[in-house]
Amino acid sequence: MKYVIESKTYEKHINDEVHLYGLLHQLAFLAEKAKDEKDLENLVETAKRYGEIAEEKFAAWRIPGRYLVFGDRKDLAELKAAELTPLTAVLKEHDAKIREKQRAATAHDPAYIISGGAFRMLVGDLFDLLAQYSFLRNRVVEVKTERQLARLQKNLSGENPSIRRMYRRWGITDSTGITGFDILESAIRRTHLTPYDPDGSEDDYD
C-alpha cells in the first residue's frame with residue numbers, strides 16, 4: 001500500500017528527527033568529556049531534560065504505546081489515517097478533476113465557484129422577482145375598467161427602485177441596463193463568479 005503525505009507533516013517529522021539527533025549527539029559529547037563528579041551531575045541533568053523533550057515529541061507523534069511493546073503495524077492504523085492519504089484516493093481525485101475539466105471544455109460549460117453571500121443574494125433577488133410578478137399578475141387580473149387600467153399604467157410608468165438596486169447588486173451599471181440575456185449573464189459572471197480551475201492552470205473556456 002502506498003500513501004501520500006503532506007509536505008508540512010513530512011518536514012515536521014524531519015525537523016523532529018534532526019532535533020533528537022542533536023540532543024543525542026550533545027549527550028554523547030558531554031559523556032565523552034565528563035571527567036569529574038560535577039561533569040557527571042551536569043550530564044545527568046542534561047539527560048533528564050532531553051528525556052522530557054523526547055517524551056513531549058513522542059506524545060505529539062501520537063504513536064500508540066502498544067506499538068512500542070509489540071511492534072504490530074495494525075496499531076498504526078489511526079496514525080496513518082491522520083497523517084497519510086492512500087495514493088489511490090489522490091489519483092482518484094486527480095482523475096475526477098481532469099474529467100471535470102475535459103467535460104467543461106468539451107461542453108463549453110465551465111464550472112464556477114460562487115461565495116455563499118453572493119449565492120444567497122441571487123436567490124433572494126429571484127424570490128423578490130417572483131413575488132413582484134405574482135403581485136403584478138394579481139393587479140392585472142383585477143383590472144375591470146379603463147380607469148383601473150389607467151391607474152395601473154401610471155403606477156408602473158415610473159422606474160422601480162428595487163429593480164435598480166438589483167442591477168447594482170448584479171454588477172450592472174446604471175448607464176448600461178439590461179437589453180439582453182448575454183449582458184445579464186456577463187455581469188453576474190464578472191461580479192460574482194470565479195472560474196473553477198482544479199489544477200491551477202489559466203485556461204479560459206469563455
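A crossing of two helices is left-handed if the near helix is turned anticlockwise from the far one by less than a right angle, and right-handed if clockwise. Helices here are DSSP runs (H or I, at least four residues), numbered from the N terminus.

This is a predicted model: local features need pLDDT of at least 70, side-chain atom pairs count only at pLDDT 80 or more, and totals for chains, interfaces and linings use all residues. Residues are numbered from 1 along each chain as its sequence is written, and side-chain values use heavy atoms, without hydrogens or water.

**Stop 1: H6 against H8**

Select residues 116-142 for helix H6 and 161-170 for helix H8. Their axes (lines fitted to C-alpha atoms over the stretch in contact) come within 11 Å and cross at roughly 155°. Angles run from 0 to 180 degrees between N-to-C directions. H6 is therefore roughly antiparallel to H8, a label for angles over 145 degrees. The crossing of H6 and H8 is left-handed.

Now show the contact side chains (contact means heavy atoms within 4.5 Å). From H6, pick Met121, Leu122, Asp125, Asp128, Leu129 and Gln132. From H8, pick Ser162, Ile163, Met166, Arg169 and Trp170. Colour them by type: six are nonpolar, two polar and three charged. In this scheme Ala, Val, Leu, Ile, Met, Phe, Trp, Tyr, Cys and Pro count as nonpolar, Asp, Glu, Lys and Arg as charged, and the others, Gly among them, as polar.

**Stop 2: the buried side of H8**

Stay on H8. Its buried residues (under 20% relative accessible area, 1.4 Å probe, protein chains only) are Ser162, Arg164, Met166, Tyr167 and Trp170. Then step to Gly171, which follows H8 and has a positive phi, near 95°.

**Stop 3: aromatic pairs**

The whole structure holds two aromatic pairs. Rings of Phe, Tyr and Trp (its six-membered ring) pair if their centres lie within 6.5 Å.

Go to helix H2, residues 37-61, and select Phe58 and Trp61, three residues apart or about one helical turn. Their ring centres are 6.5 Å apart and the planes meet at 70°, so the pair is edge-to-face (planes over 60 degrees apart). Phe58 is partly exposed at 22% relative accessible area (the class between 20% and 50%). Trp61 is buried, at 15%.

Methods. Helix = DSSP H or I, 4+ residues; strand = E, 2+ residues; numbered from the N terminus. Parallel < 35°, antiparallel > 145°, perpendicular 65-115°, else oblique. Phe/Tyr/Trp six-rings, centres within 6.5 Å; stacked < 30°, edge-to-face > 60°.
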